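Reader: I have this one open and have not looked at it before. Can you walk me through it?

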Amino acid sequence: MRVLVLVLLIAGIGFSGEIKKLDRCELEFKKCEYDCVVKYPTNQKKQDGCKMRCSANKAYCETGRALKKAGKEIKDFLEGLLGYEGE
């Protein structure tokens, strides 16, 4: 049963039957939150701490992705400004 719940959670399928595409950061976040509930089923404080770590990891993942995208855009802009031919 736990595996089915995890699969549905990761796939983004709610009980309404709605399908939502999740990115890598969101998938890792959802799995982490699920693991927190499984690891600490009766201790809400430990679950909360664990879920806070999940949120921090998600923010780190999303920030890294945004920086990579911004770096590429800045590089492209500067190459255009300076007249370089990039890849």
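Reader: How do helix 2 and helix 3 run relative to each other, roughly parallel or roughly antiparallel?

Author: This is a predicted model. In the model, the axes of helix 2 (residues 24-39) and helix 3 (residues 44-82) cross at roughly 170 degrees and come within 9 Å. Angles over 145 degrees count as roughly antiparallel, so helix 2 and helix 3 are roughly antiparallel to each other.

Reader: Which residues make the contact?

Author: On helix 2 they include Arg24, Cys25, Phe29, Cys32 and Cys36. Helix 3 contributes, among others, Gln47, Cys50, Cys54, Lys58 and Cys61.

Reader: And by class, what is in the contact of helix 2 with helix 3?

Author: Eight nonpolar, two polar and nine charged residues.

Reader: Which residues of helix 2 are buried?

Author: Cys25, Glu26, Phe29, Cys32, Tyr34 and Cys36.

Reader: How much of the protein is buried?

Author: Of its 87 residues, 15% are buried.

Reader: Switching topic. What caps the N-terminal end of helix 2?

Author: Asp23 does, with a side-chain oxygen 3.3 Å from the backbone nitrogen of Cys25.

Reader: And what about the N-terminal end of helix 3?

Author: Asn43 is the cap there. One of its side-chain oxygens lies 3.2 Å from the backbone nitrogen of Lys45.

Reader: What follows helix 3?

Author: Gly83, with a positive phi near 80 degrees.

Reader: What span should helix 3 have, and how far apart are its end C-alpha atoms?

Author: Its 39 residues, at 1.5 Å a residue, should span 57 Å. The end C-alpha atoms of helix 3 are 56 Å apart, which agrees.

Reader: I clicked on Ala59. Where is it?

Author: Ala59 is in helix 3. Its relative accessible area is 38%. Buried means under 20% and exposed over 50%, so Ala59 is partly exposed.

Reader: How far is Ala59 from Cys25 in space?

Author: 8.4 Å, C-alpha to C-alpha, though the two are 34 residues apart in sequence.

Reader: What share of the contacts in the protein comes from residues 24 or more positions apart?

Author: 40% of the contacts with a separation of 6 or more.

Reader: Last one: how many helices and strands are there?

Author: Three helices and zero strands. From the N terminus on, the elements run α-α-α.

Methods: Residues numbered from 1 in each chain as written. Predicted model: local features only at pLDDT ≥ 70, side-chain atom pairs only at ≥ 80, totals over all residues. Heavy atoms only, no water. Axes fitted to C-alpha atoms, helices over the stretch in contact; angles between N-to-C directions. Helix = DSSP H or I, 4+ residues; strand = E, 2+ residues; numbered from the N terminus. Parallel < 35°, antiparallel > 145°, perpendicular 65-115°, else oblique. Contact = heavy atoms within 4.5 Å. Nonpolar A, V, L, I, M, F, W, Y, C, P; charged D, E, K, R; others polar. Buried < 20%, exposed > 50% of the residue type's maximum accessible area, 1.4 Å probe, protein only. Polar contact = N/O pair within 3.5 Å; in protein donor to acceptor, adjacent residues only side chain to side chain. Expected span 1.5 Å × (residues − 1).
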